[in-house]
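Please look through the sequence and the 3D structure shown here before reading the notes below them.

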Amino acid sequence: IGLRRPEDLELNSSAHCPSGLITQDLSPTITSWHMNTYWHSSQPPQGSNKKVSFSGTVWTQNILSLIIHEGHRNGTENVETMERIPWLEYRTKNRDYTVLPSPRVFATHLPYYLLPRDLRNKRGRIIYVTRNPKDVMVSYYHFSKYMSTLEEIPDFNLFMERFLAGKVLASSWLDHVAGWYSHAEDFNILFVTYEEMKKDLRSAVLKICNFLGKKLSEEEVDSVVRQATFENMRKDPRANYENLPDDIALKNKGSFLRKGTVGDWKNIMTVAQNERFDKVLSEKMKTLPIKFIWDINDEI
Ligand SMILES: Nc1ncnc2c1ncn2[C@@H]1O[C@H](COP(=O)(O)OS(=O)(=O)O)[C@@H](OP(=O)(O)O)[C@H]1O
């Protein structure tokens, strides 16, 4: 399809990323800025197909799967999320990605410069999903307790410094987001935020359908929205990653879908930690047009 095979990317994976964070030899990052890449297989029509997203990876994977696969939507097929939308950078089961049926959809946490090069020729669509970085950090903090493959750092202060320095799975959130935003015009990309999905899921689903050129009936959109709510995804073992092996997920320590809210950072961060975070963030983001939503009542 004109895209290089993932193994050609020569990633130097340094960590497991069972839930989707990417890792290369960079010091890794966060949990909720993610990216789902999507493209059709052989000979894709010009400029059509691919998508990536950041933050709310599993949520977006689920939404995409529900939009694209009628069998998922109507419950006649039962396919694991990671089978439907595999990770670009983690080839579980040694699958040959070049022979997957169209449309091919992938999730990734790769920075923009490591993506297959034809994405820069806009051959495929990218949905990039971001979430406010304080909630990302807090989500990742809990996630690292849940995943036995991640180092657990109980001291939140220390954890925050690691996060800000990019010494977490998938590397630096700040660099990742800054990189993608400043190179957006090279890609056929749709930016979606976790917070807008949370505030108005139906509009977000329609926005994604529109970007993909996928027409669903009103009832089908209703069905996607219903199945993509936090409450319903939490009950769905595929969406909640309940089938992860016990040696990867410590299920007695929680569940993958934990709280699913905007503003949980306020429950854990101190005033001093918040000020320190804001200082680092504003330095890094001062030239970028990103408005973060820190609270569900903030205007989008
Ligand atoms: N449907 C729905 N609604 C609201 N929130 C949702 C939903 N699905 C997943 N989530 C929340 O997304 C957080 C996990 O992020 P990711 O899926 O990106 O993680 S990962 O990169 O795949 O590890 C994690 O956030 P926290 O609950 O704050 O930890 C999940 O609960």
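What follows is a briefing on salt bridges, on one pair of packed helices and on the nonpolar core.

This is a predicted model, in which local features need pLDDT of at least 70 and side-chain atom pairs count only at pLDDT 80 or more, while totals for chains, interfaces and linings use all residues. Residues are numbered from 1 along each chain as its sequence is written, and side-chain values use heavy atoms, with hydrogens and water left out.

**Salt bridges**

- A salt bridge is defined here as a side-chain nitrogen of Lys or Arg within 4 Å of a carboxyl oxygen of Asp or Glu, and by this rule the count comes to 16 salt bridges.
- One of them joins Lys-134 to Asp-278, with 2.8 Å between the closest N and O atoms.
- This pair links distant parts of the chain, since Lys-134 belongs to helix 4 (residues 133-146) and Asp-278 to helix 11 (residues 271-285), 144 residues apart; helices (H or I, at least four residues) are DSSP runs, numbered from the N terminus.
- Lys-134 counts as buried at 2% relative accessibility, whereas Asp-278 is partly exposed at 32%; buried means under 20% relative accessible area, exposed over 50% and partly exposed in between, with a 1.4 Å probe and protein chains only.

- Arg-202 and Glu-218 meet through their side chains in a salt bridge of 3.4 Å, N to O.
- The two residues lie 16 residues apart, Arg-202 in helix 8 (residues 201-212) and Glu-218 in helix 9 (residues 218-227).
- Arg-202 also forms a salt bridge with Asp-222, at 2.9 Å from N to O, and these two residues are 20 residues apart.
- Through shared partners, the salt bridges join Arg-202, Glu-218 and Asp-222 into one network.

**How helix 8 meets helix 9**

- Two packed helices are described by the angle between their axes and the distance between the axes.
- Helix 8 and helix 9 pack at about 115°, with their axes 10 Å apart; the axes are lines fitted to C-alpha atoms, for helices over the stretch in contact, and angles run from 0 to 180 degrees between N-to-C directions.
- On the side of helix 8 the contact involves Leu-201, Arg-202, Val-205 and Leu-206, and these meet Glu-218, Val-221, Asp-222, Val-224 and Val-225 in helix 9, where contact means heavy atoms within 4.5 Å.
- Val-221, Ser-223, Val-224 and Val-225 of helix 9 are buried, and what covers the buried residues of this helix includes helix 1 (57-68), helix 2 (70-73) and helix 8.

- Leu-201, which lies in helix 8, counts as buried at 11% relative accessibility.
- Leaving aside neighbours within four places in sequence, Leu-201 touches Trp-59, Ile-63, Glu-196, Val-225, Ala-228 and Thr-229.
- The largest nonpolar core has 88 residues, and those with the most contacts inside it are Ile-63, Ile-67, Trp-173, Val-205, Ile-208 and Met-285; such a core is a set of buried Ala, Val, Leu, Ile, Met, Phe, Trp, Tyr and Cys residues joined through side-chain atoms within 4.5 Å.
- Met-285 is in contact with Trp-173, Leu-174, Val-177, Ala-178, Ile-290 and Phe-292, when residues up to four places away in sequence are not counted.
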